Amino acid sequence: MGKLIFANKLRAAAMPAAAILATWAAARAHLTDSEHGRWLLAALVALAYLVFCVTTALKHRRLQREQEQRWAADTGATTVEAGRPAVLVVFASQTGFAEQLALQSAQSLRRGGMAVRILPLARVTEADLADARQALFIASTSGEGDAPDGAAAFARRMAADAAASLSGLRYGMLALGDRSYAQYCAFGHALDGWLQRRHAQPLFDLIEVDNGDEGALRHWQHQLGVLSGHTDDADWSAPSYGRWRLARRVLLNAGSAGDPVFHLELTPLDLPAPTWQAGDIAEIGPRNDAGEVRRFMQALSLEGEALAATLQARLLPSAPSDIAALRALPSDELLARLKPLPHREYSIASLPQDGSLDLLVRRMTQADGRPGIGSGWLTLHAPEGGELALRVRSNSGFHAPHDPRPMILIGNGTGLAGLRAHLRARAAAGHHRNWLVFGERSRAHDFFHRDEIQAWQAQGVLERLDLAFSRDQAQRVYVQDKLREAADDLRAWVGQGAALYVCGSLQGMAAGVADALREVLGEDMLIALAEQGRYRRDVY
């Protein structure tokens with residue numbers, strides 16, 4: 001697209017340039033070398049240059065309008081759609097990659113039924129930010145930490161601005177960079193800090209992309225799906241899965257009023273076994289239930305084991321009308337119509353030295369009543385002893401500090417998975433200044449890994465444990481309430497250099513914890529902790 005824009009600008013400049021040359025030639029042919037002639041010649045050249053500037057400016061504005069129309073055509077973008085506010089998608093691009101990702105992001109949101117407006121950062125105004133309820137920023141870093149050329153003026157605004165609050169804005173940030181540079185993803189981080197200092201609220205933690213890393217981009221796509229509710233979009237890049245065995249599956253919350261939660265132990269079938277560290281992510285390649293595939297094939301009068309195996313990895317329609325529309329298609333066209341199942345992400349709850357890759361998975365339910373794509377496969381359909389497709393993805397934004405500084409680990413529900421891996425790593429390293437704040441529904445049914453946690457407390461691995469079981473009393477109590485109750489101790493731990501790690505649900509818990517931390521520590525301190533890498537989140 002960058003080459004196309006350059007060619008258009010070149011053509012736009014060609015006509016006024018030709019006019020200048022023609023004017024110059026005419027003047028040289030008909031004017032004498034007299035003083036009067038030289039002044040007239042200078043005046044004609046100045047007039048031609050003025051015409052050139054005005055014409056170029058008008059054509060540049062026209063090209064901008066045409067470019068916006070192309071963005072709208074590519075994404076279905078609009079500023080107003082049936083009264084719904086548009087999601088603002090903003091990009092700062094040096095090579096065109098950020099612009100490409102902005103287009104893909106807008107398309108993904110549109111498929112989820114959301115209205116979208118897309119703009120380069122250089123053209124974003126205060127009114128755009130003030131009017132937006134949700135915005136997504138895709139920011140490249142140029143050279144050693146600089147803004148892309150087109151966003152340099154906006155970067156100067158950021159440095160000088162003492163502008164109004166953006167407390168009504170919720171945003172996501174994708175920072176593009178290259179780890180070979182010292183100032184990795186610096187402009188994305190600077191833009192993120194600028195938004196937070198103006199009280200904008202993150203939808204999820206900043207996602208760093210090292211040199212186009214496909215895993216990080218799939219994580220961004222996953223967050224787009226959560227935002228739009230359209231989580232069945234095909235992956236932008238398919239992960240290369242390894243083969244794993246589902247060695248063990250245990251129900252953790254029998255009798256709970258909530259959805260069932262399972263502890264899964266997976267062992268690698270391919271050697272050498274992949275390695276990971278606390279904070280990393282397992283990307284699962286889900287499959288459809290064999291019975292569902294069989295019923296789908298019967299409805300379309302299809303046969304064949306090879307076709308059945310292929311359909312296990314495709315997104316199958318459930319509505320009778322959608323199935324009927326596929327009935328007359330040949331197999332190859334049918335498969336072309338059915339998108340591959342997208343991957344699902346889960347925090348890893350163990351370390352390689354434990355001998356298994358452990359997950360905590362809650363079985364979710366889709367709008368049509370079917371189990372979730374990933375959670376249904378892992379907790380219901382995949383047979384124990386059977387094979388799973390899995391890839392480990394590094395999640396450097398949630399890796400632990402290497403020193404023995406205090407750690408405050410905060411989470412709810414299956415967010416305990418990531419915190420459990422960190423506590424196992426801390427125990428192995430002999431770092432015992434750990435404080436766990438965990439919440440769920442009831443102590444009787446939802447105290448996941450109770451024996452292990454209480455053993456850590458008895459052994460001194462956990463210096464402090466605070467539990468919030470919301471349904472065990474008339475007034476609901478959540479982890480953020482426990483943080484407020486422990487405000488003095490929380491400030492003391494942070495003053496001693498503690499790092500805060502939050503893992504769990506994006507809706508409710510993560511925002512509630514952020515509010516409590518701002519109240520106890522102050523907003524400037526919380527932003528400073530994030531910039532220092534001492535406040536990290538893995539929320540979903």
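**View 1. Packing of helix α5 on helix α6 in the predicted model.** Helix α5 (residues 152-160) packs against helix α6 (residues 186-197) at about 45 degrees, the axes lying 11 Å apart. F154, A155 and M158 of α5 meet F187, A190, L191 and W194 of α6, contact being heavy atoms within 4.5 Å. These contact residues comprise seven nonpolar, no polar and no charged (nonpolar: Ala, Val, Leu, Ile, Met, Phe, Trp, Tyr, Cys and Pro; charged: Asp, Glu, Lys and Arg; polar: the others, Gly among them). Helices are DSSP runs (H or I) of at least four residues and strands (E) of at least two.

Residues are numbered from 1 along each chain as its sequence is written. Local features need pLDDT of at least 70 and side-chain atom pairs pLDDT 80 or more, totals for chains, interfaces and linings use all residues, and side-chain values use heavy atoms, without hydrogens and water.

**View 2. S301 between α8 and α9.** S301 lies in the loop joining α8 (290-299) and α9 (305-311). Its phi is positive, about 55 degrees, although S301 is not a glycine. At 66% relative accessibility, S301 is exposed.

**View 3. The cis peptide bond between L271 and P272.** Omega of this bond is about 0 degrees. P272 belongs to the loop between β10 (261-268) and β11 (281-285).

Note on methods: Axes fitted to C-alpha atoms, helices over the stretch in contact; angles between N-to-C directions. Buried < 20%, exposed > 50% of the residue type's maximum accessible area, 1.4 Å probe, protein only.
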